[in-house]
Every structure is written in structure tokens, then in C-alpha cells.
Amino acid sequence: MPDRASDKTLYEQIAEHLEQRIRVGEFPPGSLLPSERRLAEQFGVNRSTVVLAFAELRSLGLIESRSGSGTMVSRPEEGAIRRHSPDWGRFADDSSFVRNPAMFRKVREALQQIPGLIDMASGELSADLMPTREIVDIMSRSSTLSYLGYDNPQGYPPLREALVRYLQRLGIHTTDTSIIITSGSQQSLYLILRCLLSPGDAVAIEDPSYCYSLPMFRTAGLRVFRLPVDRHGVNPGDIRLLHKKHRIKMVFLNPNFQNPTGALLSNERRIQLMDLASELALPIVEDDPYSLTAFNGVPPAPLKAMDKAGSVIYIGSFSKIAASGLRIGWMVAPRSIVEQLADARQQMDFGLSVIPQQVVATFLDSAGFEPHLERLRIGLQFKRDLTVDALRHKFNDRARFWIPEGGMHLWCSIRASFSESQLLEQSIRAGFVYVPGSVHGSESGCVRLTYGRADAADIDRGIAALRQAVDRAEADE
Ligand code: PMP
């Protein structure tokens, strides 16, 4: 961000900054610079300031503008030798890697570029709900960091042992050799997709689902089929049909306080589902970051706790119950799978840094863990209530939603006619961000409101901004 108190003008500062980025190769010769409008947004200045900065760079011969094709970094001619840079833009465009949905990138960019936005988009806890004091305390003890070398790619053994004790409270009885530590559920999903499945395989995921926000399913070349979610979760009958019709090889579920709907799979369906999985020998991936946030203090029993046939790969995470920035997750799986995935970790990055693993191992067994969870549940429930009250008050019967009993997401269908991109645009202008329903694979008209991340003091104002945005988006239709 340019410094408004500096002796240099804003445009000079921006020109210097862009010049440096060009010289270090961030924008090589022949590549396109971001548009004037985009840079103006990024630097928080008027577009005319960026126009002046571009004029300065043009006079230095560093950039060229071509009408219709944007502003390009010049290709220098030195003596008779013409230097050629690789066409990096083509490398990026031609790879088989699928980028995040445009709507999702827009939300991310708004959060990075516009200070003060009320954030009900990011799927994480607010800082006051994280155990920062406890973690700082643990890190400042010299005994915490006992070893700093490469570790076992399956994960730091004392953390796996602490997790065996932790998982018992959820009714999961396992051994340290059945656990692999990952850098969060995201990496667990990635490892499963890339190391256990092959392009062309058919899998089933919930609809709507967190997984829809993950282009990694498409990058992996999988055929993805949908399982509609109602307030009691997915219907096992739908899984049977998909298995018959498409020979699905794996089912991905988030049964407890689902992201994005908050749905809780009913007991009856859990029993049916586990019977079906063992009848069809069908692997289930249970993504369970939220069960310990159950507001009544009684976590729902995971599918893994009912898994007599060994059908379930269980994915857990520290992100939603403590701190997403520590990047600690885990999987519980049959030995052969754990070995294969540990081998993949060895190839990928030699396993996770031992530092957060040592910290989390200590925290899980500490006297501070239980009181932290209690505070977390109270804090989340309080913000859920504020969100529900604000929606009722500002939207009356125009917002329809289920009230989640745990987790951090509320899925809301808005009765109004608007285009999704218009609503997002208007909402960002009004100072509020959420996740548009289509990011999670749903029909338009739904929004995901994450009360975990927003400050309690901002929720009412945020929902009022959303209401204003709906009115404006409707007027624009
Ligand atoms: N699964 C679900 C259901 C989630 O909500 C999230 C976070 N939004 C993740 C996986 C990834 O979380 P992390 O990698 O931080 O554990």
C-alpha cells in the first residue's frame, strides 16, 4: 500500500513498486500487467493515479499498452540478440490444474484488498475463539521443542499417541499406527484423491458440499455424482442407486454439522449407511472437523465409531476446534492405506514440520484443552444466535434456513430474484462478504453465512448490509 505521508507522490510510489516487481521477474517480458482498475482497487487509489504510474513506466520503456489487449511488459532488445522469455501465461493456462471457481476467487480478493469488510465467508474461527494464550504458553516452554530434524512422514509419534486418547472421547478406538498426520483436512482429501483414486473413477459427494468448492476433484479427473442433503443429511438409498448405476468407488461425507448446510446426519441414516457400506464393500471418507463443537456438549458419534467392517477413512482436523493456522489434521485408516499415504508424504514433502506437531501434542493432553473447548462451544452458539436473530429481524420470511446445532456455518435460501454475481458485487460494496451458494454446487439463491469467523459485534451490521445488497441486486435485475 502506498504511504500517503511520504514525500513521494502516490503515482511515483506505485510506479517504483511496479518497476521493482517487473525487474525481479514477477512480470517477465511479454506478460500482461493487471488492469488499471484492478491495480487501483489493490492500492486503494483512484484509477487516474494508476494511469499516471503507467505513463511513467511507459516513458522508461518498461511497458507498452496495446489497445484492446491491456498493458504488457516490454521485451528488451539488447544489441543484435533478441532475448526470449518463456510464455509463462501459456504454461499456466495449458496445465491440467483446475483453478478455484471465479466467484470464490472474487471473495478471496475482496478480503485481501478491502480493509474492514465484515467476513462471514472464511471458514475458520475468529481470533478470540482460538486458544492463542495457551499455544503461546506452550511454545515458550523450552521442553516443547525437543527435536528439530526430519520426522516420520506418518507423523510425530507422541502426537499420534495423543490423538489415540483424543479420538476415544468420540468413540473411535484406534492405534497410533493407524493414524497419519497431515497439514489439515484439505491435504487429507488431496492425498486420498491423488493416491487412492485414478482419473475416470466415479465418486459421490454431498449436494451442496464443501467438496464442490474444491476443484481438486476435477483436477484429479474424477467423475463426481451428487447426493442431495436435507436437514438429516444424505439419503443412503441415493448411494445405493448411484452405486448400481455408476459403480461409484468412494463416498465423501461430512456427517456432523455439515459445511455448508449445518445438517446433522440422523442416527437412523447412520445405521442404514454403515449397513449399506458393508453390504457393498464401499469405502466411505468421513470428513469430520466439527463434531466437537456440538453446542449441547455431546458430540455426535462419528461413522468411524460404528465401523465394524472397516469401511471408513476418518479425517479430523485441529482447524475448527482450535487454530487453522497450525495446519494440523489427521486420518484414521487401515494399515495398508496409511502406509501408502505416508509414502506419498515422503515423496511430497518428507512429512509435516515437527514444530506444530509438538505444540498440538502438548496442548491436547494439557489441562487447558477442555476449558478451551467449552469456551469455543459457548462462543459459537452465541454467534449462531446473533446470526439467526439478525436474519429474522432483517429478512422476516424472505430468508429460510435450518438452525445448526454445532459447527460454524448457516445455509440460507433468500427469497428474491437476483443474479448471484450481482448480489456478491452489491454485498462487497455494502461492506460484507459471504460464500455464494454456487461455490458449493447449489442452485443460485443460497448463501453460506459463517458465524465462526465474524466478530460478534459485527454480525447484526453485516446481515443488515446483506439485506441492503439483496434489495439493490433485485432492483438491478
Ligand atoms: N473439510 C471441511 C468440511 C471443511 O469445512 C474444511 C475447511 N473449510 C476443510 C475440510 C479443510 O480444513 P483444514 O484443511 O483447515 O483442516
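## An aromatic cluster

Tyr-166, Phe-318, Trp-330, Phe-363 and Phe-369 are joined into a cluster by ring pairs. Rings of Phe, Tyr and Trp (its six-membered ring) pair if their centres lie within 6.5 Å; planes under 30 degrees apart are stacked, over 60 edge-to-face, and the rest tilted. Searching the whole structure turns up 8 aromatic pairs.

Take Tyr-166 and Trp-330: their ring centres are 5.5 Å apart and the planes meet at 80°, so this one is edge-to-face. It ties together distant parts of the chain, with Tyr-166 in helix α7 (residues 157-168) and Trp-330 in strand β13 (residues 329-332), 164 residues apart. Helices (H or I, at least four residues) and strands (E, at least two) are DSSP runs numbered from the N terminus. Tyr-166 and Trp-330 are both buried, meaning under 20% relative accessible area, with exposed over 50% and partly exposed in between (1.4 Å probe, protein chains only).

## A Phe-Phe pair

Phe-217 and Phe-252 have ring centres 5.2 Å apart and planes at 80°, so they're edge-to-face. Phe-217 sits in helix α9 (residues 216-219) and Phe-252 in strand β10 (residues 250-253), 35 residues apart. Phe-217 is buried at 3% relative accessible area, and Phe-252 is buried at 2%.

## About the model

This is a predicted model: local features need pLDDT of at least 70, side-chain atom pairs count only at pLDDT 80 or more, and totals for chains, interfaces and linings use all residues. Residues are numbered from 1 along each chain as its sequence is written, and side-chain values use heavy atoms, leaving out hydrogens and water.
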